[in-house]
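Keep the structure in view as you read.

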Amino acid sequence: MHIVLQLIPKKYLIGGTLILLGLSGLLIMSTIVAITGEFEKDSQQSEVTEIEGGGIGVGTANVSPEVMKYQPLLEKYAQKHGLDASYVPIMMALMMQESGGRGNDPMQSSESFCGSVGCISSPELSVDKGVLHFKSVLEKAHYDLKLCLQSYNFGGGFINYVMKNGGKYTPELAISFSQLQYQKVKHTGNYHCVRPEMVPYSACYGDALYVNAVLKYYTGTITADGKPAAPANGGSGGKSGVKVIDAGKTLIGKTRYVFGGGRSQSDINAGRFDCSSFVRWAFEQVGMNVGPMSGVTTDTLKTQGQAINPKDMKPGDVVFFDTYKIDGHVGIYVGNNQFLGCQGKTGVAIASMAKGTYFGERFNGRVKRF
């Protein structure tokens with residue numbers, strides 16, 4: 001073999017080597033494109049819609065009860081840090097991916113807070129610092145939400161890398177950044193691929209597929225600029241809110257309260273509702289889908305829409321009450337300290353939520369505009 005190589009002119013050897021390298025490069029790039037193409041298909045299956053302009057719209061977090069219990073804290077610290085409440089479902093999805101809502105640091109925000117893992121031992125502090133870090137990364141990413149999510153995993157260096165390579169998140173950039181960073185740290189022995197499919201590409205720094213991992217827990221709209229937008233047509237408050245109320249009033253005197261009722265067409269036809277199924281039905285009558293009939297609960301309703309300060313309530317806003325549990329009852333605000341709901345003794349009826357009344361003492365301040 002050595003003799004044969006000596007007989008071949010060097011220029012042909014060099015040319016052949018370059019051709020082989022080029023073909024190898026094309027093979028790797030085509031494989032990455034194929035992989036990322038599959039990731040995009042997976043993302044589409046998770047019901048995340050992308051549209052141009054406008055900002056992040058109303059979305060729903062499809063998460064565990066352990067994560068769901070952190071929603072009030074996420075809303076509290078979103079308000080504290082000046083982050084629009086429409087990002088709360090995305091942060092719930094992020095928490096689901098990070099910890100499933102378990103442990104003392106459910107948002108895994110220790111590193112961003114103090115530079116080391118494990119320095120946070122209070123779940124509330126984790127949420128506080130996690131929301132603050134999320135907002136900071138979102139702003140640095142110029143509201144490119146996917147870039148923000150991937151940078152939450154990779155660190156701020158990924159934002160700089162993207163800005164130098166087109167200025168917008170792509171799955172290909174996430175993989176190539178992971179490859180570059182892994183080459184710098186693999187000698188430590190502390191980094192291993194969290195995803196087997198990344199092993200052949202040595203993309204073993206962080207999780208190059210983190211964006212899709214988070215978005216599988218989110219159903220909603222993500223737009224090009226990532227900035228918050230008011231709900232379409234002004235939301236359920238105002239004129240469209242009156243339409244919801246008018247639709248709901250048509251059931252007054254025609255229903256009875258049945259816990260778990262209203263989740264089949266036969267129940268609806270017979271006038272059997274509970275509080276959450278009635279609210280869902282009323283919004284459906286004006287063309288607003290706030291969740292599947294079979295799965296609606298107060299807990300699914302409270303993940304939707306924009307959080308509204310109780311001082312700014314308008315007719316059509318959705319109000320929650322702490323009855324047999326936190327957010328155990330829900331209704332539609334009609335104005336003058338009254339709401340329309342399906343209650344135990346009356347079925348669908350207008351009830352008072354003024355101070356001193358049963359529901360007035362149990363109104364917890366949670367108001368959502370769908």
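Lys 135 and Glu 139 form a salt bridge, with their closest N and O atoms 3.9 Å apart; the term stands for a side-chain nitrogen of Lys or Arg within 4 Å of a carboxyl oxygen of Asp or Glu. About one helical turn separates Lys 135 from Glu 139, because they are four residues apart in helix α7. Helices here are DSSP runs of H or I with at least four residues, strands are runs of E with at least two, and both are numbered from the N terminus. Glu 139 is partly exposed, with a relative accessible area of 38%. Buried means under 20% relative accessible area, exposed over 50%, and partly exposed in between (1.4 Å probe, protein chains only).

Before going further, please note that this is a predicted model, in which local features need pLDDT of at least 70 and side-chain atom pairs count only at pLDDT 80 or more, while totals for chains, interfaces and linings use all residues. Residues are numbered from 1 along each chain as its sequence is written, and side-chain values use heavy atoms, leaving out hydrogens and water.

How many salt bridges does a search of the whole structure find? There are 14, and the table shows some of them.

| Pair | N to O distance |
|---|---|
| Lys 135 and Glu 139 | 3.9 Å |
| Arg 366 and Glu 75 | 2.9 Å |
| Asp 267 and Arg 272 | 2.7 Å |

In the last pair, Asp 267 counts as buried at 15% relative accessibility, whereas Arg 272, at 24%, counts as partly exposed. Elsewhere, salt bridges that share partners join Glu 75, Asp 299, Lys 302, Lys 325, Asp 327, Arg 366 and Lys 368 into one network.

Arg 366 and Glu 75 meet in a salt bridge. This pair links distant parts of the chain, with Arg 366 in strand β11 (residues 363–369) and Glu 75 in helix α4 (residues 71–80), 291 residues apart. Both Arg 366 and Glu 75 are buried.

Now to the inside. Helix α14 (residues 275–284) is largely enclosed by the rest of the structure, because nine of its ten residues are buried; among them are Phe 278, Arg 280 and Trp 281.

Ala 141, in the loop between α7 (123–140) and α8 (145–154), is also buried, with a relative accessible area of 2%. Beyond its neighbours within four places in sequence, Ala 141 is in contact (heavy atoms within 4.5 Å) with Leu 147, Cys 148, Ile 159 and Met 163.

Overall, the protein has 16 helices and eleven strands, and buried residues make up 47% of its 370 residues.
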